[in-house]
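Subject: Structure for you to look through

Hello,

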Amino acid sequence: NFEQRLVLVSTSSWVQVPKNLVVRYGERSFSVRVNSHVLEEDKLHSAEILGLDPLRPDDGPLFRVPVTVIRPLKLNGDNTVQRDFHLAPYSTPRCFIQVPDGATWAELRVSLKSAEISVESPGEASGLRVVFQGTQLEPHRQYSHNGLRKLFVIA
């Protein structure tokens, strides 16, 4: 008969798990409590739940359960948000916004405050090439069905 005693540890205080778990030959589950109210809005937060052997904790975790929470920004009364992003090659600035109830469209305005714009290769138009990707998550739908991806140049 197989039996493994485990110590459960969360890597973040906003994820709470039981202290111990006993795994036997069948399925086993445990409760996880996520306190998302303490997390900052408009950010992606990640943590892990680690299952350790209490007799050999230095061997590292026997399993890891990733926990990812996105706490979206709630819009103000006029349903607008204004953000400044520093754009750099290979960077991906993100903004997570809670879609207002009943919303059927969104408007994006982009302006350039200051930048060093250069031509990357001969024959190309100079400007800052930016890819915008917007995705609305809806229950029971693939995110690719609710997405938009556009490339534009700011000269």
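What follows is a short account of the fold, the surface and the charged side chains.

This is a predicted model, in which local features need pLDDT of at least 70 and side-chain atom pairs count only at pLDDT 80 or more, while totals for chains, interfaces and linings use all residues. Residues are numbered from 1 along each chain as its sequence is written, and side-chain values use heavy atoms, with hydrogens and water left out.

The protein chain has 8 strands and 0 helices, where strands (E, at least two residues) and helices (H or I, at least four) are DSSP runs numbered from the N terminus. The radius of gyration, taken over C-alpha atoms, is 23 Å for the protein chain, whereas a compact globule of 155 residues would be near 15 Å, by a rule of 2.2 Å times the number of residues to the power 0.38. Along the principal axes, the C-alpha atoms fill a box of roughly 70 × 45 × 30 Å.

Of the 155 residues, 17% count as buried; buried means under 20% relative accessible area, exposed over 50%, and partly exposed in between, with a 1.4 Å probe and protein chains only.

Turning to charge, the protein chain has 18 positive and 17 negative side chains, with Lys and Arg counted as positive, Asp and Glu as negative, and His and the chain ends not counted. Side chains of opposite charge can pair when their charged atoms come close. There are 7 salt bridges, each being a side-chain nitrogen of Lys or Arg within 4 Å of a carboxyl oxygen of Asp or Glu.

One of them joins Arg24 to Glu3, with the closest N and O atoms 3.0 Å apart. This pair links distant parts of the chain, since Arg24 is in strand 3 (residues 20-24) and Glu3 is in strand 1 (residues 3-10), 21 residues apart. Arg24 is partly exposed at 45% relative accessibility, and Glu3 is partly exposed at 39%.

Another salt bridge is formed by Asp42 and Arg83, at 2.0 Å from N to O, and it links parts of the chain 41 residues apart, with Asp42 in the loop between strands 4 and 5 and Arg83 in the loop between strands 6 and 7. Here Asp42 is buried, at 8% relative accessibility, whereas Arg83 is partly exposed, at 35%.

Best wishes

Conventions. Charge placed at Lys NZ, Arg CZ, Asp CG, Glu CD.
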